[in-house]
Amino acid sequence: MLCDTLIQTLAAELDQSEKTRKQIEHFSKRYPEITLEDGYRISRAWVAMQRAQGRQVIGHKIGLTSRAMQLSSQIDEPDYGTLLDNMLYTCEPGSVLDLPTERFIAPRVEVELAFVLKRALVGPDVSVQEVLESTEYVTPAIEIIDARIEQLDRHTKVMRKVFDTISDNAANAGVVIGGERVHPDAVDLPWCGAVLRQNGVVEETGLAAGVQGHPAVGVAWLVNKLSPWGESLQPGQIVLAGSFTRPVAARRGDEFEADYGSLGKLNFRFV
């Protein structure tokens, strides 16, 4: 386990990386003794720095929800990160949202569903049914993931490890919402799907069933994983339940359309 001083130092590196848009080298290579708990300690230290700078916590994201991603990351469960107020972008119906490319380093786009809570969820032992009963509405969401820690080591080209991703706030950098708001009982959530187009070309399609069979499963898992840290989910918070498409790289000038059918469309571009 890494000492508290080193945890703070590494969190400060992430803070500086975000501000300068210069990626840093893998923590797992520099400190091979790093653990999953260390990764979450670093992420929490980074969030504390953001809050000290005036940011507000608005929810959480869940990542690595597919079995394929877990196997590739050599982990047997999802991971999670924290959503902050400066990450949130709202797409108005019928309009195209402009996203500032300079806000990110190496942005990639993922298609998800977001749960917005009407009452608190406190673990342990929270069930999927309790998640559904505590949800005010579900809405389409795009997660913009990013990499403050470089994906491929600049020297060896080795892929970063899950310890690095978790330390890096589970690679979260932004969230776009703006589609229809539906009660979780009003739709068959696993069968909610989307088509993601990039510059008019279909890049990805998927169903929310790809998120552990049901997107609320990950939300229940998250609440129970937060419990040992003395944390919980609060009314009004947003929870990104996990991507059901692969991440699509975005560059300045790229225009995206995420078509969720009856749940609406999210149109946005990187400028």
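Colleague: Which residues of H1 are buried?

Modeller: Leu6, Ile7, Leu10, Ala11, Leu14, Asp15, Ser17 and Glu18. Buried means under 20% relative accessible area, exposed over 50%, partly exposed in between (1.4 Å probe, protein chains only). This is a predicted model: local features need pLDDT of at least 70, side-chain atom pairs count only at pLDDT 80 or more, and totals for chains, interfaces and linings use all residues. Residues are numbered from 1 along each chain as its sequence is written, and side-chain values use heavy atoms, with hydrogens and water left out.

Colleague: What do the buried residues of H1 pack against?

Modeller: Helix H2 (27-30), helix H3 (36-52) and helix H6 (162-167). Contact means heavy atoms within 4.5 Å. Helices (H or I, at least four residues) and strands (E, at least two) are DSSP runs, numbered from the N terminus.

Colleague: Switching topic. How many residues are in the largest nonpolar core?

Modeller: 52. A nonpolar core is a set of buried Ala, Val, Leu, Ile, Met, Phe, Trp, Tyr and Cys residues joined through side-chain atoms within 4.5 Å. Helix H7 (residues 215-226) gives the largest share of this core, seven residues. Another core, of 17 residues, lies apart from it, with Ala11 and Trp46 among them.

Colleague: Is Cys91 buried or exposed?

Modeller: Cys91 is buried, at 2% relative accessible area. Cys192 counts as buried too, at 10% relative accessibility.
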